Amino acid sequence: MKNPLKTIRETKPLVHHITNWVTIYDCANITRAFGALPVMAHASEECADMTKISSALVLNIGTLTSEIIDSMILSAAAANEKKIPVVLDAVGVGATKFRDEMAAKILGSVRIDIIKGNYSEIAKLAGENAETKGVEATSISADPEKVAKEFAKSRSSVVVMTGKEDIISDGNRTFIVKNGHGLMGSIVGTGCMAASIIGSFASANPDYCDAAKDALVYFGVAGELAAEKSIGPGSFKVNLYDEVFNLSDEKVRGMMKVEER
Amino acid sequence: MKNPLKTIRETKPLVHHITNWVTIYDCANITRAFGALPVMAHASEECADMTKISSALVLNIGTLTSEIIDSMILSAAAANEKKIPVVLDAVGVGATKFRDEMAAKILGSVRIDIIKGNYSEIAKLAGENAETKGVEATSISADPEKVAKEFAKSRSSVVVMTGKEDIISDGNRTFIVKNGHGLMGSIVGTGCMAASIIGSFASANPDYCDAAKDALVYFGVAGELAAEKSIGPGSFKVNLYDEVFNLSDEKVRGMMKVEER
Amino acid sequence: MKNPLKTIRETKPLVHHITNWVTIYDCANITRAFGALPVMAHASEECADMTKISSALVLNIGTLTSEIIDSMILSAAAANEKKIPVVLDAVGVGATKFRDEMAAKILGSVRIDIIKGNYSEIAKLAGENAETKGVEATSISADPEKVAKEFAKSRSSVVVMTGKEDIISDGNRTFIVKNGHGLMGSIVGTGCMAASIIGSFASANPDYCDAAKDALVYFGVAGELAAEKSIGPGSFKVNLYDEVFNLSDEKVRGMMKVEER
């Protein structure tokens, strides 16, 4: 897509989140900083109605409960019917049996257009032998690119594996995004924010693989710009929001580091 | 009221919140920055007891559930009995049927002293034809000042409509507050914070219309001062807290922009 | 312990939290800034499993519900079995009957290794006559050092009373920590963060009294360094995270203010 950021800022898509209680504020705020409109509504009585007036749905199981999973499925069904993109951030899959089961329940009940996680979360979802340390990736034995590509093909979905290098695949095309900075890992929530940004970009671009790749490039570039001015996680987070707010498609074009394989 | 900020800082009122999970931290923190003491307690077993030791109650339905609404009603009943001010921030009314119904349930069950929302939320509550885009106002066909004034009169409450210009009315007096800055809309939660500040000011001033007007003036002035030093939402939020912390009644007096109609 | 911070940064302990919805993000973020890995998981179906792969458990009853308390007890039982440290932050005990009862339920059901609260919270837990203003300490009539020491002895636990001076006692040794800065009280959540830090330090040091003392010294030193550069709660919080991130055992050694009694 030519100017995704300009498009988001002009169309101001409503991005419905059912997400965790740790980073919910940052998911909302980064969505706003990119120019989209966040809304968070998890009650089973209204979640599907909120999805129906939205342009994307972002699900994040960081602090899941059975009730929240039920609401996610209600909302995703409404999103599937409306044909708006659904992003699942599979936080902590590989850490407990309950997370593995609930993620499987979602994937077995509704269509997820973009499945996102760190290396061990996606590997676990894809049936590989993998464990997650709480919500932190551990090293996996399988080849991550192969895992992403094959899992994407088997699900007919876009798969996003985040890490030092991000891997995005729809089973045919595979992008490696090398933008980003180590300080992004010094604050909690950049992974969750990435899912919100992917939802925002996918609401504006029907090629979800391209949208997810762009989302991670734009966020990574903002992170690089912010890191130049920062001495720790406090200043980094402040600068990250300022850089996202002042980002432009032109600025990103000169800094993107993407390989297609 | 002569020196509302000085009064709050001297009396340190306890402001009980039952609020949403997105901006709960900022509601607590801005309450503290103004000099009041925030407490958040939503369990049905204790919420009324917490209200009984408080000086104001702030309700915000941003991430409502049926259980949370029940707790709000329990707490508001306790507040009504103790005759402390109750603020309702009608977040997202006009977006889903459930929100409309739950807001009506609250308004039908207990006395709300100050009803706050953006233009479309208040218009919807007042029975006008209005829709809310998630939690964002959309333009309304009715005259907002007339809506605020008549809704206030019909409810015998103070009505606060926030937007580029804030409208505060008790049905007789109507204030237009023109303080504030565009960057306040670049971060999520300034609307929710405003409700917390209104609660803090109302705990110190029995003229709730005057208190709500003052709250928005003080917050708006802090926003203007913060904006001068900020280049985006990250730095703006930092500066906003610093400016609120260093605000004084004297400083605000020279900057207030209020019309009475 | 010689170099607790270096140890935490090398071992990256997983610190499981079941905590409140107000400061949950800051609990996670400060844990990360100190070099440990935070995870928050409260669902009854998985909380014990998450504790089983963790190195410490931090419980905080700030926004408690009956269900959350049940999850806390499930997790603490798993922690007791695994012999990893359990920290209880008794937020708001002394404010409502429900909090008093739920704290008593936890203390009667599982072993709590480190009991933390402000002066009035701990005094109330210890059976003294005390009231808490929401979540803020009020002055207590009893001698706080004596309360901490005797309560620690009676429970065979470490007791941490936070305030202008922090008191840490295991019933035999009593430490008074005088590090810290007034600006720490200008932001919401430093008390909750302190519990997360205590959990992180205790995961690395089997002498929990020493660990709790170190945690408060390190946090207090970071607060002092941050305050030098700050003009209000906004800048203070940014600088606090940067200072924690850039802290070292060497830096702290030159600034610690501890008395042993």
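This is a predicted model: local features need pLDDT of at least 70, side-chain atom pairs count only at pLDDT 80 or more; totals for chains, interfaces and linings use all residues.
Let's start with the cysteines. How many disulfides does a search of the whole structure find? Over all chains, the search finds zero. A disulfide needs the two sulfur atoms within 2.5 Å.

Cys47(A) is one of the residues in contact with Ser71(A), once neighbours within four places in sequence are set aside; the others are Ile18(A), His42(A), Ala43(A) and Ser44(A). Ser71(A) belongs to helix H4 of chain A, which covers residues 66-82. Is Ser71(A) buried or exposed? Ser71(A) is buried, with a relative accessible area of 2%.

Hop over to chain B, where Met72(B) sits in helix H4, residues 66-82 of that chain. Met72(B) is buried, at 0% relative accessible area. Not counting residues up to four places away in sequence, Met72(B) touches Ile18(B), Leu59(B), Asn60(B), Ile61(B) and Ile106(B). Take Ile18(B) from that list: Met72(B) and Ile18(B) are 54 residues apart along the chain, yet their C-alpha atoms are separated by 6.6 Å.

The size of an interface is often given as the accessible area lost when the parts come together. Here, chain B and chain C bury about 2,400 Å² between them, with 63% of it on carbon and sulfur atoms. On the chain B side, Tyr25(B), Arg32(B) and Glu46(B) lose the most area to chain C, together 25% of what that side buries. In terms of contacts, 26 residues of chain B meet 30 residues of chain C.

What holds your eye next may be the charged pairs. Two salt bridges are found across this interface. The side chains of Glu46(B) and Arg99(C) meet in a salt bridge, at 2.8 Å from N to O. There are also 14 residue pairs in polar contact between the two chains. Of the elements on the side of chain B that touches chain C, H2(B) gives the most, with five residues. By class, that side has 16 nonpolar, four polar and six charged residues.

Technical notes: Residues are numbered from 1 along each chain as its sequence is written. Chains are lettered from A and ligands numbered from 1 in the order in which they are written. Side-chain values use heavy atoms; hydrogens and water are left out. Helices (H or I, at least four residues) and strands (E, at least two) are DSSP runs, numbered from the N terminus. Buried means under 20% relative accessible area, exposed over 50%, partly exposed in between (1.4 Å probe, protein chains only). Contact means heavy atoms within 4.5 Å. Buried area is the accessible area (1.4 Å probe) that two parts lose on being put together, summed over both. A salt bridge is a side-chain nitrogen of Lys or Arg within 4 Å of a carboxyl oxygen of Asp or Glu. A polar contact is a pair of N or O atoms within 3.5 Å; within protein, one must be able to donate a hydrogen and the other to accept it, and residues adjacent in sequence count only if both atoms are side-chain atoms. Ala, Val, Leu, Ile, Met, Phe, Trp, Tyr, Cys and Pro count as nonpolar, Asp, Glu, Lys and Arg as charged, and the others, Gly among them, as polar.
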